[in-house]
Amino acid sequence: MRTPTTRALALALLPVLALSMAGCAKKSGGKDLPYVARDVGTLYSTAKQKLDSHQYKLAAALFDEVERQHPYSVWARRAQLMGAFSYYLNRDYTESISSAQRFLAVHPGNRDAPYAYYLIGLCYYEQIQDVQRDQKITQQALDSLGELTRRYPNTKYAADARLKIDLVRDHLAGKEMEIGRFYETRGQWLAATLRFRTVVDQYQTTTHVPEALLRLTESYLALGMPEEANKAAAVLGANYPGTDWYEHAYKLMQSNQDKVQAAQAVAKPAS
C-alpha cells in the first residue's frame, strides 16, 4: 500500500544517524560479503555511500557488517537502524522488520526507538493487499502503528502513523463489507448481518458505514426483523441524510411499512 509520498516521508523523518557520523548487514546480509576486517569508520562511511547511491541491498549488508565486526561500538547501534532503513528502501520488509525489532530489543529506551517503531509500521503498511486477499498484514500494520502512537504520541512519527491508521481501518472495514456482500448475494442473511454490524460497531469512522447501514436494513428485512431494519434506516437517515444509501433505505422501508407497523403492533404492550 505504498503511497507516492511514503518513501519521501520516511527519508525526511529518518533520524540524523548518518549525518552525525558522515565525516569519518543483520547477520544474513553479511553472508553476501566476504569477511574482510575493516575499521568501523571505513565500514560505516562506505555503507552510507552505497545508501546514497541507491545500492540499498549492498548498503544493508555493509551496515550489518558494522554490527558484526564492531558489535560494542556506538557505530553498531547506528548501523543497526540504518541497515533496517536500507532494507526498507530495498522493499525487503521482512529483514527491515527483523533489524528494527532487534534494535528495539537491545536499545528499548534509545532516542531513536520511535523511528524504529515507525519503520516497522511502514513495512507492514506497504504490504497491505486488496480486500479480496487475507488481511493478516493489514492487522499487523494497525497493531504496529497503534503501538507507536501509544508509546510516543507526541512525536512526528506518531502524527503520520495516525493518518495511516485511519486508512488501515478503512481497509479492514472494506474487507468486512466484501465478505458481508458475499453472504448477502447468497441469501446467508445472518452471516451478512454480523459482518455489517461489525463495520457499524467497530469501524464507525470509516467511509463504509453508510453502505453497512443500508445492507443491515436489507438483511434485517430478509430475516423478518422489520423493527431492526427500521432502526438501521433511522440511524442512516440521521447521520447520512443526503446520501444515495439513505435514499435507497428510505424507499425500502416505505415499501415495507406494513411489516414495520405489524411488528410494532405485536410488540406494543396491552393497555
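Which residues in H7 meet which residues in H9? In this predicted model, Pro114, Tyr115, Tyr118, Leu122 and Tyr125 in H7 meet Tyr157, Asp160, Lys164, Leu167 and Val168 in H9, where contact means heavy atoms within 4.5 Å. The residues of this contact divide into eight nonpolar, no polar and two charged; Ala, Val, Leu, Ile, Met, Phe, Trp, Tyr, Cys and Pro count as nonpolar, Asp, Glu, Lys and Arg as charged, and the others, Gly among them, as polar.

The model is a predicted one, in which local features need pLDDT of at least 70 and side-chain atom pairs count only at pLDDT 80 or more, whereas totals for chains, interfaces and linings use all residues. Residues are numbered from 1 along each chain as its sequence is written, and side-chain values use heavy atoms, with hydrogens and water left out.

The secondary structure of the protein chain comprises 14 helices and zero strands; helices (H or I, at least four residues) and strands (E, at least two) are DSSP runs, numbered from the N terminus. Of the 271 residues in the protein chain, 48% are buried. Buried means under 20% relative accessible area, exposed over 50%, and partly exposed in between, with a 1.4 Å probe and protein chains only.

The largest nonpolar core holds 64 residues, among which Leu51, Phe63, Tyr88 and Val168 touch the most other members. Helix H7 (residues 113–125) gives the most to this core, with 11 residues. Such a core is a set of buried Ala, Val, Leu, Ile, Met, Phe, Trp, Tyr and Cys residues joined through side-chain atoms within 4.5 Å. Leucine 51 touches Tyr56, Ala59, Phe63, Met82, Phe85, Ser86 and Leu89, residues up to four places away in sequence not being counted.

Two packed helices are described by the angle between their axes and the distance between the axes. Axes are lines fitted to C-alpha atoms, for helices over the stretch in contact, and angles run from 0 to 180 degrees between N-to-C directions. H7 and helix H9 (residues 156–185) pack at about 25 degrees, with axes 10 Å apart, and are therefore roughly parallel to each other. Angles under 35 degrees count as roughly parallel, over 145 as roughly antiparallel, 65 to 115 as roughly perpendicular and the rest as oblique. The crossing of H7 and H9 is left-handed, a term used if the near helix is turned anticlockwise from the far one by less than a right angle, with right-handed used if clockwise.

The axes of helix H3 (residues 40–52) and helix H4 (residues 56–69) come within 8 Å and cross at roughly 160 degrees, which makes H3 roughly antiparallel to H4. This crossing of H3 and H4 is also left-handed. The contact involves residues including Leu43, Ala47 and Leu51 of H3 and Tyr56, Ala59 and Phe63 of H4. Its residues divide into 11 nonpolar, two polar and three charged.

Most residues other than glycine have a negative phi. Histidine 54, in the loop between H3 and H4, has a positive phi of about 65 degrees although it is not a glycine. Histidine 54 is exposed, with a relative accessible area of 53%. Arginine 91, in the loop between helix H5 (74–89) and helix H6 (93–106), has a positive phi of about 60 degrees and counts as exposed at 54% relative accessibility.
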